[in-house]
Amino acid sequence: MQSVVKYGRYIVRALSGVAVAEVPVKHFRLVSAASGVAKDKGVKATVAALTVRRNVNGDDAHFIASNRVSDVLGVADGVGGWHNYGVDPSQFSSYLMSTCERLVEQGTFSPQFPVEIIATSYQELLENKVPIIGSSTVCIVVLDRRNHTIYTANLGDSGCLVVREGKVVHRSEDQQHYFNTPFQLALAPPDQDGLVLSDSPHSAERSAFDVEEGDLIIVATDGLFDNMSDDLICEELSKLTDRRLESMQRTARSLVEIAHELSRDPDYVSPFSLHARANGINLTGGKPDDITVVLASVTLND
Amino acid sequence: MSDEEHHASSFVLFLLNLKRTLGQLVSSKPRERDEAVKQHPVVEQYAADVVDFSSQYGRDYGLCYTAENLKGPHRIYPRYGDFAEAFVTRTYGIWWDLAPSACEPFQRVATRNTSSDFIDILFKKMVFPNKLEIYETFNPGSTVRILAAQVNHEEDSALRWKVLWEGMPQCAPAVPRVYSPQLDRCDFVTSLIRIEFSHRHLSYYTSLDAVRLLGSAETPDPHEMPDPHETPDPHETDGLDRDNNSCAVRGGGGGGGGDGPARRSAYETRRGDDCRSLVDMPEEVIQYIISFFDILDLCRVAQTCRTLCKHCYDAQQFTELDLQPYWHMITDAALAGLAGRCHLMRRLSLSWCGPYHNLTEAGFVRFLQSCGGNLTCLRLASCTEYVTNSSLKIIVDVCPGLTELDVRCCGRLGDEGFAEIARASRLQRLNLYRTAVRTSEAALIVRNCVHLEMLNFDSCSQIANFHEVAVAIAENLRELKCLNVCRVKSVGNNSLVVIAQTCGAALLELDVGWCVEVSSRDGCLVNLARRCPRLRALYLTSIRTINDRDLQAFAAHCRDLEQLDILGSMGVTPIAVAGVLLECTQLKLLDVSYCTCIEFIDVHRWRQMYPEVTIQKSFKNI
């Protein structure tokens, strides 16, 4: 049906070579790099032979995609508890991300509403022949190339930061039901229906922010934010002197390495331990977790 | 797509195919190699858009298993398996022909292998095509025909389709492949390609990943090319080139045109020798013999002599007319030509015919008005251009005896059109696959067409409240045998309960696949099994909640089951499946793909124990 609506009788005219002229506009685009590490690198058994293994670190997954009008970044953190049910938690997050990626490539969404990307992808998981089980947090950032604005949607405790000249100028809000239990999308097995924590994609926190050339955007799972404070992140980013893809990749990797290092330090006063203490739980040290970082810089397209 | 992507993807492809490519180079003759170097720069492009298609496994506007997935470079290749990112057709094999809902075939069978599905692909640049690469990633071997469209630059004039390749379906090994049959030379630039598939021989769904067109933007060899302005008008072409419009196109009045004076005298001489010839046989025998010819042959034979022409143009030969295999030849003029012989026509299939304005609504209506009066069966699958609200009104008015109507994929039909269908009160079979029918019109049809035996609402996503339709079905359709509501989102357990209660005893086939609201809860499926003892085909695809209790009920009550699909069930254990295999002795097809508790080893054991049952378990290779 959709094709018919799109084309109908105009196919002949289209075939005659009358192409739609694109208006050249000076617009922004993102130069993006991603890096990540799994919590128990090498230990994890390869359980799910059926899942898409691309862009997966442990239970985390991410994607970087773009189409004519927008650049989109996303991360998802699969909830580890599903291991106990014999379900690979990365299955849900990786399917969610790869579906988002395809949605972006097809360009059938409005950049202003990243929540719709999440909602559509979540619905699409049900359309797969493979029964997909699990739950995940998710954070999506869309740069609308035309109006130089990023639109974010964040469900759970992943998040994004915008850093301008060494300072955090914008950040997304965490969403937690209670300490260490973030909002999450979920698909439960039949016998668990109704017993599993499941939030609507539309409960995601959303924001819009005008970006400038040179701004750095970080989209990452809680593995980064629980182990590195904003100051520490900015400090690392300040070492970035240019915006070439290789430099970006190097910085993304070093962020992950530092966070991974700190997460294993039992004496480190991590943001996670501070947060725990604020909730009356006495904790010290980092939080070992899967860590995924997507780092992007806003550059002028030429 | 950027050039970088182009180069990157072609490079990857090159690496993957390195071994094979080298092998081909070594085996090819030196002359061919020289030619390859000499040719013009080749434009390589992946599909820019999917314009039309006859069926897809996924839902409209979805991402999984949809035709849109053919767009862009390949994503799956060189992996092999049942991936959601591929284009998958709605059917495979012979199972839908064996099901109770199967369509009665036409008497006159086309000699060429008939295609079951097609897809129209648009590319960005117009090229002279010299190679088409089809990335097949699951059950390859279904491609049977490739056509290119030539555009006449006058707007709204007919497209001319040229068959670039035609062949048999292939029995290919279960490995991913890039299929690129040798294309015929094409003397025009094109950007619209139609690929036809036949998957009756396949053991499971076929998956296509991408399509790449290679061709040059310039004329391959300017010396040999005819001036485009001198390209003969297909309507006036003599002879019976298989890629041109055939003689079927030309009017009935001038029939038997090849009957020149020289030939006639030779014929009469022989007659004078008292030599018995074909035409001296009794008329009934001649009629019987030519009833085995396909339409094209019939038209060819008509050109041999007056007597045979008379027989071939006899309206008795045109009581059943299936033009789907010749869809690319059908224009307004072609139908006008046929109209003279079709006044006894009872069954007509114009499926796929005259896409992109080759056949206009006016031409279709004229044909129907002149010879549609006796029609009982009318198939109009993918006839988007001329199956409209207004033409449907005429169909219903002109064909009062219509018992079968197929308007699959006719996307321009609106509410008024469906309301017109409701007036065809003698309908027994109605196929509305992928149409925009809505709740009130669907209910109206059901209330008025009380003789419906086969009702197909597959992928009718606009039915927002199926329960209203279900109640109407329960109240009116006492003879309903086959119901397909696959992918109708609003189908819930309550609808199934209502239908099973009153129609269950007669129901032979039910497809509720991908209805996410249907579940095993409240014993709904057990109840269904009890109420529908005669079920022969049951599709419960992706109803995740099916459990052993449900299967035991089907094994106990539905002893006639021939086809059962429980793909993607999460609760079914091997014990219950074994029970079904044991009890349902008529079982021929069982699909347990992606059932989380069923292992390949179970399936393997069952296949040995029940060799007469085809047991499907799909897979993906990473």
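Tutor: Let's start with a term: a residue is buried at under 20% relative accessible area, exposed at over 50%, and partly exposed in between, using a 1.4 Å probe and protein chains only. You are looking at a predicted model, in which local features need pLDDT of at least 70, side-chain atom pairs count only at pLDDT 80 or more, and totals for chains, interfaces and linings use all residues. Residues are numbered from 1 along each chain as its sequence is written, chains are lettered from A and ligands numbered from 1 in the order in which they are written, and side-chain values use heavy atoms, leaving out hydrogens and water.

Student: Thanks! How many helices and strands are there in chain B?

Tutor: Helices (H or I, at least four residues) and strands (E, at least two) are DSSP runs, numbered from the N terminus. By that count, chain B has 19 helices and 21 strands.

Student: Of the contacts in chain B with a separation of 6 or more, what share joins residues 24 or more positions apart?

Tutor: A contact means heavy atoms within 4.5 Å. Within that set of contacts in chain B, the share joining residues 24 or more positions apart is 81%.

Student: Why is strand β5 of chain B largely enclosed by the rest of the structure?

Tutor: Strand β5(B) covers residues 143–150. The strand is largely enclosed because the number of its eight residues that are buried is eight.

Student: Which residue of β6(B) is the bridge partner of Ala149(B)?

Tutor: Two strands pair if DSSP finds at least two bridges between them. β5(B) pairs in the antiparallel sense with β8(B) (residues 190–197) over five bridges, where Ala148(B) is partnered by Ile193(B). β5(B) also pairs in the antiparallel sense with β6(B) (residues 160–166) over six bridges. In β6(B), the bridge partner of Ala149(B) is Trp161(B).

Student: How many salt bridges does the whole structure hold?

Tutor: Side chains of opposite charge can pair when their charged atoms come close. A salt bridge here is a side-chain nitrogen of Lys or Arg within 4 Å of a carboxyl oxygen of Asp or Glu. Over all chains, the number found is 42.

Student: How many residues apart in sequence are the parts that Glu212(A) and Arg164(A) tie together?

Tutor: The side chains of Glu212(A) and Arg164(A) meet in a salt bridge, N to O, at 3.4 Å. Glu212(A) is in the loop between β12 and β13 of chain A and Arg164(A) is in strand β7 of chain A, so the separation of the linked parts, in residues, is 48.

Student: In chain B, which residue forms a salt bridge with Glu453(B)?

Tutor: The closest N and O atoms of this pair are 3.5 Å apart. Glu453(B) lies in the loop between α13 and β15 and its partner in the loop between α14 and β16, so the pair ties together parts 28 residues apart in sequence. Glu453(B) is partly exposed at 23%, and the partner is Lys481(B).

Student: Where does Tyr179(B) sit, and which side chain makes a polar contact of 3.3 Å with it?

Tutor: Tyr179(B) is in strand β7 of chain B and is buried at 15% relative accessible area. Beyond four places in sequence, Tyr179(B) touches residues including Leu132(B), Thr143(B) and Trp165(B). A polar contact is a pair of N or O atoms within 3.5 Å; within protein, one must be able to donate a hydrogen and the other to accept it, and residues adjacent in sequence count only if both atoms are side-chain atoms. At 3.3 Å, the side chain in question is that of Gln170(B).

Student: Which side chain makes a polar contact of 2.9 Å with the side chain of Ser55(B)?

Tutor: Ser55(B) is in the loop between β2 and β3 of chain B and is buried at 6% relative accessibility. A polar atom of its side chain lies 3.1 Å from the backbone nitrogen of Arg90(B). The contact of 2.9 Å is with Asp117(B).
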